[in-house]
Amino acid sequence: MEPTNEQMVEMYRRMVRIRRFEENVIDMVASGEIPGAAHTSIGQEGEIVGACMALRLDDYMVGNHRSHGHPIGKGAQLKGLMAELLGKRTGVNRGKSGSMHLADFSIGSVGETSILGSGIPIAAGAALGAKMQGTDRVSLCFFGDGASSEGAVHEGMNLAAVWKLPVIYLCENNGYAVTVPAEKAVSVHNISERAKAYNIPGVTVDGQDAIAVYEVVSEAVQRARAGQGPSLVEAKTYRFRHHAEGPLMDSLQYRSEEELMHWKGRDPLGILRARLLENGLLTEDEATQIEQGAQEDIRAAMAFARESAYPDPEEAFEGLYVHPIPITR
């Protein structure tokens, strides 16, 4: 299924919003304004947006530790995300989640996690809930090449296949698990080949081509909605930044400058922009307006976050489930 002209323009808008959002996050981490770790998806915007736009707003989405981009790709508002990164009360999770544990139920984002592979069974659970409720909602789960060898991945995919759950597993193969090349840690050339073990479809797609990802994921979504069970999609992509922001990662040498320049030459934003211009779906002025508009939206989000209040200390215990355990002596 090909995207409409309007969808392709919206893809570019969301991809630019992710890029500008994370460029500002990098600066805010460096200045100490954003505490803790931050993992950016710069370079991976094509597979994020292409996959998310194949969903409906009410469909579920499960991210991972590199997940500022996923909710933006699903259509989230920027102000609540930025406020969350600053730990403010107006954040999507009232300042409690930080960079790696965002959730935004308003757009179907049921959560992100820093534990590799742990989103696989969560996505299966969301899909099971949709199936038990008799809806046609599907669940999209992002995970990386490093997470692909975790035990929870096998358990979750196997169960999803056995129960024919409406879930799409999308492996963001960006070539490295922190600094370990995928070819030194993964037993197959294409991670999608592992779908054979679960008797489900497996497809590898160019992750820098948002439209190609949209088409592949759309087919998997159609299968899921029709009750035909899960699919495994592998998007071959690349992160332009290191595994995480900070001087420690900057000091590590694990990939060549030639490799980095090769992939930057396949920037997903540049690929889609050129296609839109070539097909007459955007003019140069219109593309520039989208890019400038994205930066203005980011500035507004940053101002909103900075002006927002921090939560009161006692709010730390709100929203927690505490099981009462009797104390015996």
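## Charges and basis of the model

The 32 positive and 44 negative charges of the protein have mean positions 4 Å apart. Lys and Arg count as positive and Asp and Glu as negative, with His and the chain ends not counted; each charge is placed at NZ of Lys, CZ of Arg, CG of Asp or CD of Glu.

The model is predicted: local features need pLDDT of at least 70, side-chain atom pairs count only at pLDDT 80 or more, and totals for chains, interfaces and linings use all residues. Residues are numbered from 1 along each chain as its sequence is written, and side-chain values use heavy atoms, with hydrogens and water left out.

## Overall fold

The protein has eleven helices and eight strands, taken as DSSP runs numbered from the N terminus (helices H or I, at least four residues; strands E, at least two). Its radius of gyration is 20 Å, close to the 20 Å that the globule rule gives for 329 residues, so the protein is as compact as a globular protein of that length. The radius is taken over C-alpha atoms, and the rule is 2.2 Å times the number of residues to the power 0.38. Along the principal axes, the C-alpha atoms fill a box of roughly 75 × 50 × 40 Å.

Among contacts with a separation of 6 or more, 76% join residues 24 or more positions apart; a contact means heavy atoms within 4.5 Å.

## Surface and burial

The accessible surface is about 15000 Å², and carbon and sulfur atoms hold 54% of it. Areas come from the Shrake-Rupley method with a 1.4 Å probe; for residues, only the protein chains shown count as cover. Of the 329 residues, 53% count as buried (buried is under 20% relative accessible area, exposed over 50%, partly exposed in between; 1.4 Å probe, protein chains only).

Helix H2 (residues 45-52) is mostly covered, with eight of its eight residues buried. Among them are Glu45 and Glu47.

## Nonpolar cores

The largest nonpolar core has 60 residues, of which Met11, Tyr12, Phe21, Met82, Leu140, Ile168 and Leu170 touch the most other members. Helix H1 (residues 5-30) gives the largest share of this core, eleven residues. Apart from it lies another core of 23 residues, including Leu165, Tyr169, Cys171 and Leu232. A core is a set of buried Ala, Val, Leu, Ile, Met, Phe, Trp, Tyr and Cys residues joined through side-chain atoms within 4.5 Å.

Beyond four places in sequence, Leu170 touches Glu47, Ala51, Leu140, Cys141, Phe142, Phe143, Val213, Val217, Val233 and Ala235. Two of these partners, Glu47 and Ala51, are buried residues of H2.

## Ile211

Ile211 is in helix H7 (residues 210-225) and, at 3% relative accessibility, counts as buried. Leaving out residues up to four places away, Ile211 touches Pro3, Met8, Met11, Leu272 and Arg275.

## Loop residues

Arg56 lies in the loop between H2 and strand S1 (60-62) and is partly exposed, with a relative accessible area of 30%. Arg56 and Lys74 are 18 residues apart in sequence and 8.8 Å apart, C-alpha to C-alpha.

Lys164, in the loop between helix H6 (151-162) and strand S4 (167-173), has a positive phi near 50 degrees without being a glycine. Its relative accessible area is 45%, partly exposed. Val178 is not a glycine either, and its phi is positive at about 60 degrees. Val178 sits in the loop between strand S5 (176-177) and strand S6 (180-181) and is partly exposed at 36% relative accessible area.
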